[in-house]
Structure formats: C-alpha cells, structure tokens
Amino acid sequence: MMPAARRALAAAARLFYERGIHAVGVDLISAEAGVTKKTLYDRFGSKEQIVVEYLADRDERWRAFLAERLDAAAPDPRERLLAVFDASRAWAAEHSPKGCSMVNAHAEISDPGHPAHPIITGQKRWMLALFEGLVGEIDPESADSTARTLMLLHEGALVAHGLGVFPDAIGQAREQARALLA
C-alpha cells in the first residue's frame, strides 16, 4: 500500500471509530489524510471499500492481539478462556474507549448486502467458534451452550464498556465467566 493510501486508511479508521461511519465523508478523510479525493477513489474505489478495509484491518489486528495473549496464557483451558476477557480488557483500554468497532459498525451497517457486513458478522462468528473450541477442551457436552453464554457475557461487556454505564464491565464479565466455568 502506498504511503498516501496508508495515511488515508489511518485517517478513515480514526474518524470512523470516533465519529461514526455515516458521519464521515470522503472530503473529511482526504482532508485529514492530506490526500486528494482522486487518490482515495483511485486506491479504494468507494467509501464502502474504505469501510471494508478499515474493518478488515481492525479485525486482523484484534485477532493477532488475541492470539498473542492466548499463546502466552497458561495451558489450562479455563485460564485460556479467561485470557480472552483479559485481552479484551487490554485492547479496550488501548484501542476502544467507545466499545467494539464491529458492534458500532453494525449499528450503522445492518444490511447483509453491504460489503462490510461479512467482516462484522465474521468476526463475531469467529469469536463464538473460539469460545466453542476452548469450552470443548473442558466439557465437550456443553460446548455449544456454554460458549454462547460466554459470548453473550463478552459482547455485553464490550457494549457496556463502550457506553460507560459502569466501570470495568469487561472485568465484571470475566468474573462471571470464571464463576460459570467453576
């Protein structure tokens, strides 16, 4: 990716996350990135494609971040499950003061025909599969239902964090997950 395109994607990512996807136009992205609108359209083709690349990059970075935390976690599957919550808490503190970018994007992009929709739902399906795999190591019989409960705890915590309704929502969800796994 050319430097101008990287700047444009970085500006778009910051703006989309801070202000919302619909509130940000290509004029603002180009101004913030110091590139022309022509450069944006030459590189990305459309605002929709900029959104796709923003979300795909965010998803890729989250998966790599989580993989590092899981690799560093104790081998016990319960500890690895709790490491997911720990990773989310650390990621949220560093990258997501307004909550999950996928959840936020879905609030604006609910049309399954939008090219970003599969990235949004794909990340959540991936998270559910991750929980299923980890729970399956503990109790294969209840992997589906327990994984869904953990997913609800996790996603609810991300939303509560983003809304700032109460402090340390992700930490509280982690403790509920610990109790569930006991």
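Leaving aside its neighbours within four places in sequence, with which residues is Thr146 in contact? Thr146 is in contact with Val135, Leu180 and Leu181, where contact means heavy atoms within 4.5 Å. The residue is found in helix α8, and at 15% relative accessibility Thr146 counts as buried. Buried here means under 20% relative accessible area, exposed over 50%, and partly exposed in between, with a 1.4 Å probe and protein chains only.

The model is a predicted one, in which local features need pLDDT of at least 70 and side-chain atom pairs count only at pLDDT 80 or more, while totals for chains, interfaces and linings use all residues. Residues are numbered from 1 along each chain as its sequence is written, and side-chain values use heavy atoms, with hydrogens and water left out.

The protein chain contains nine helices and zero strands. Helices (H or I, at least four residues) and strands (E, at least two) are DSSP runs, numbered from the N terminus. The C-alpha trace spans about 55 × 30 × 30 Å along its principal axes. Of the 182 residues in the chain, 43% are buried. Among contacts with a separation of 6 or more, 64% are accounted for by residues 24 or more positions apart.

Helix α2 covers residues 26–33, and within it Val26, Ile29, Ser30 and Ala33 are buried. Seen down the axis of α2, these buried residues fall within an arc of 95°, so they line one face of the helix; the arc is that of the directions from the helix axis to the C-beta atoms. Their cover includes α1 (3–19), α3 (37–44) and α4 (47–72). Just after α2, Gly34 takes a positive phi of about 70°.

Not counting residues up to four places away in sequence, Phe131 touches Leu81, Val84, Phe85, Ala147, Leu150, Met151 and His154.

Leu150, one of these partners of Phe131, is found in helix α8. At 0% relative accessibility, Leu150 counts as buried. Leaving aside neighbours within four places in sequence, Leu150 is in contact with Leu81, Phe85, Phe131, Val135, Ala177, Leu180 and Leu181. The C-alpha atoms of Leu150 and Ala173, 23 residues apart along the chain, are separated by 8.7 Å.

Phi of Asp168 is near 50°, a positive value in a residue other than glycine. At 38% relative accessibility, Asp168 counts as partly exposed. Ala107, placed in helix α6 (residues 101–108), counts as exposed at 69% relative accessibility. The C-alpha atoms of Ala107 and Gln123, 16 residues apart along the chain, are separated by 15 Å.

Gln123 also belongs to the lining of the largest cavity: of its 17 lining residues, the closest to the centre are Trp62, Trp91, Cys100, Gln123 and Leu158. On a 1 Å grid over the protein atoms alone, a cavity is a set of points where a 1.4 Å probe fits but cannot get out, and a pocket is an open set with protein on both sides within 12 Å along at least five of seven lines; lining residues have an atom within 4 Å of a point. A search of the whole structure finds one cavity of 30 Å³ or more. The largest cavity has a volume of about 170 Å³, a volume being the space filled by probe spheres set on the points, which are joined across faces, edges and corners. The largest share of the lining, four residues, comes from α8.

The largest pocket has a volume of about 160 Å³. The residues lining this pocket are Ala13, Arg14, Tyr17, Glu18, Tyr54, Asp57, Arg58, Arg61, His95 and Pro97. Helices α1 and α4 each supply at least two residues of this lining.
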